Amino acid sequence: MNPAILYAAELCGVKRIFKVGGAQAIAAMTYGTASVPKVDKIFGPGNAYVTAAKQLASLCGVAIDMPAGPSEVEVLADKSCVPAFVAADLLSQAEHGPDSQAMLVTTDAAVAEAVAAEVEKQLAELPRKEIAAKSIANSRIIVLADKQDCIDFTNAYGPEHLIIAMEDAAAVATETTHAGSIFLGNYSCESAGDYASGTNHTLPTMGCVRAYSSLCIDSFQRKMTLQTLSAEGIRSIGRTVELMAQAEQLDAHARAMTLRLQQVATLPQEDAGTGIARLVRPNILKLKPYSSARDEYAGKAAHVFLDANECPHNAPNNRYPDPLQWDLKQKISAYKGVAPERIFLGNGSDEAIDLVFRTFCTPGVDEVAAIAPSYGMYEVCADINNVRYNAIPLEEGYQFNAENFLQSIYSPCTKVVFICSPNNPTGNLLPLDEIRKVLDIFPGMVVVDEAYIDFAPEGSSASALLEEYPRLIVLNTFSKAWASAGIRLGMALAHPEVIALFNKVKYPYNVNILTQRAAMERLEHMDEIRAWVDEALAERTRMMQAVAALPLCQEVYPSDANFFLVRVTDACAIYDALVEQGIIVRNRHRIMMCENCLRITIGTPAENDELLAALQKF
Ligand code: PMP
């Protein structure tokens with residue numbers, strides 16, 4: 001036996017080695033003999049007789065890796081390849097045996113010629129040139145018209161080894177659906193996979209790659225499934241099991257569940273709680289709440305602060321701010337009629353949107369759904385957090401129908417829905433009754449983004465539903481009606497359990513001391529805010545009427561916000577012309593369902609007049 005094999009086996013901890021081979025070895029391992037024990041799985045290459053024996057063995061309760069035949073390599077090459085490397089790779093397959101096959105596929109005739117010349121040159125120097133020459137006679141160099149043809153050929157052929165010596169090797173690999181083992185780029189030779197880089201040499205041949213995978217560590221393992229049903233589990237899937245069993249007329253199956261359902265029905269119902277905890281990302285549940293020594297000892301009225309490495313000068317900006325912003329929350333609470341424990345403050349409501357993802361959605365697993373068209377940050381945050389985004393179109397005229405919306409949510413992994421009302425960019429308020437239906441039916445978190453609610457009629461806010469629905473999150477912001485976009489302050493109003501989670505996940509001191517003071521100051525000037533909102537509403541009516549009368553206008557959509565959407569003759573041309581005059585509106589032409597739409601914000605009466613004057617020219 002080759003000592004190199006014995007040494008490698010010992011290194012790997014192989015304890016028993018049998019010097020047997022051929023179809024008779026497969027028979028011995030399948031049934032067991034006096035000297036060879038019966039085994040459960042047989043892996044590894046062999047000749048045509050061994051392969052046939054393995055296939056028979058698999059009828060006798062032994063697992064096999066795959067039917068493996070003569071070796072194959074295909075090289076996909078473009079002008080970036082090194083012809084000498086490619087020729088060496090083709091020959092390294094050819095020297096296996098006369099029935100091996102080596103293929104070069106390219107779109108470049110010059111590459112084909114250079115490789116053919118190299119093959120001839122290197123073949124002459126090989127000790128196993130007799131064998132290799134026979135195999136080369138079965139082999140081909142194929143020149144195809146374009147790259148797609150090369151990829152289609154590869155997928156139809158399904159080579160055991162595929163070397164992609166192309167500039168965009170990784171991109172070509174993503175389009176490859178049938179190959180045993182793939183080697184990318186000029187340095188990745190098949191010999192590396194055979195001996196050192198860690199993949200395996202036992203691979204499906206003869207197109208068997210359609211049904212079989214390459215041998216790997218996974219092949220040496222088996223998987224078992226395991227389950228425990230709780231009383232809650234019986235309640236939730238019991239009826240499904242009964243129905244399926246009855247449909248198959250397997251009454252004993254059905255009874256196994258019916259008896260348990262009857263017993264569970266006699267148990268006292270456990271309190272379902274808020275239902276929030278089961279939606280939270282598991283790793284977030286384990287986080288400890290944020291606190292600092294100053295919170296813990298706040299009652300002691302300390303006056304010497306030598307704990308946080310601050311500078312003692314430049315008060316009050318020198319101190320870290322109250323991390324949970326309690327004073328500000330008290331003030332907002334008095335104005336909003338929402339308890340301070342139900343308020344989260346963030347660096348804009350954008351921070352709260354991001355926190356929804358980080359708190360509830362496991363990256364790569366969970367999904368969110370949102371109305372479309374809507375505010376762009378939901379999708380941006382979904383992308384950043386690697387969460388699938390399901391954009392569900394609104395109805396005709398941007399109307400919202402809860403049943404249709406919910407029917408477009410197919411995945412049980414949908415953790416959150418986003419509903420923006422009044423909606424950006426369409427401007428319309430979505431009916432509270434429809435939002436209530438979503439809360440009644442959808443089992444995950446429901447975010448209602450009310451950035452523009454202060455411009456809508458009183459009584460239209462979903463915050464009135466907070467006590468009733470613990471899974472509701474309402475977003476507000478100081479950036480719109482409060483005329484404070486520069487201070488970056490947003491709010492999430494939600495059940496205290498959600499607020500506590502956000503406070504754990506957010507960065508400490510996310511709302512700085514200047515922002516906290518500026519917001520306090522705004523809250524002292526409510527009359528001013530109300531006057532500005534009244535002005536915006538009057539101007540909105542005036543502007544919508546004036547724009548509707550312009551020749552460029554096709555349709556002005558109703559608005560409950562401090563902007564409105566208008567469909568015009570040519571949104572891009574009008575947008576560009578306005579920019580030339582120093583006036584910027586928002587071009588929504590490329591957004592779903594907003595072809596040729598501009599979104600116009602309500603400014604001061606003077607700014608609005610300037611826009612109207614400019615639009616009159618179209
Ligand atoms: N939600 C909506 C619907 C918005 O339009 C915006 C800002 N344009 C925001 C949230 C973000 O607001 P903030 O400035 O509070 O981050």
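The following legends describe close-up views of a predicted model. Local features are given only where pLDDT is at least 70 and side-chain atom pairs only at pLDDT 80 or more, whereas totals for chains, interfaces and linings use all residues. Residues are numbered from 1 along each chain as its sequence is written, and side-chain values use heavy atoms, with hydrogens and water left out.

**View 1. An aromatic pair formed by Tyr-335 and Trp-482.** The whole structure contains 12 aromatic pairs. Rings of Phe, Tyr and Trp (its six-membered ring) pair if their centres lie within 6.5 Å; planes under 30 degrees apart count as stacked, over 60 as edge-to-face and the rest as tilted. The ring centres of Tyr-335 and Trp-482 are 5.0 Å apart and the planes stand at 85°, so this pair is edge-to-face. Because Tyr-335 belongs to helix α14 (residues 326-336) and Trp-482 to the loop between β13 (472-477) and β14 (490-494), the pair ties together parts that are 147 residues apart in sequence. Helices (H or I, at least four residues) and strands (E, at least two) are DSSP runs, numbered from the N terminus. Tyr-335 is partly exposed, at 33% relative accessible area, while Trp-482 is buried, at 2%. Buried means under 20% relative accessible area, exposed over 50% and partly exposed in between (1.4 Å probe, protein chains only).

**View 2. Further ring contacts.** Ring pairs join Phe-357, Tyr-375, Tyr-378 and Phe-418 in a cluster. Elsewhere, Lys-329 lies over the face of Trp-326, 4.8 Å from the ring centre, and Arg-599 lies over the face of Phe-563 at 5.5 Å. A charge sits over a ring if NZ of Lys or CZ of Arg is within 6 Å of the ring centre and within 35 degrees of the ring normal.

View 3. Around the ligand are 13 residues, of which Ser-349, Asp-449, Tyr-452, Thr-477 and Ser-479 come nearest; a residue is counted if one of its heavy atoms lies within 4 Å. A polar side-chain atom of Asp-449 lies 2.5 Å from a ligand nitrogen atom, and one of Thr-477 lies 2.6 Å from a ligand oxygen atom. The protein buries 91% of the 400 Å² that the ligand exposes when taken alone (Shrake-Rupley method, 1.4 Å probe).

**View 4. The hairpin of β15 and β16.** Strands β15 (residues 553-556) and β16 (residues 563-568) pair in the antiparallel sense over 3 bridges, where pairing requires at least two DSSP bridges. A hairpin of 6 residues joins β15 to β16. Cys-553 stands opposite Val-568 in β16.

Terms used
Polar contact = N/O pair within 3.5 Å; in protein donor to acceptor, adjacent residues only side chain to side chain.
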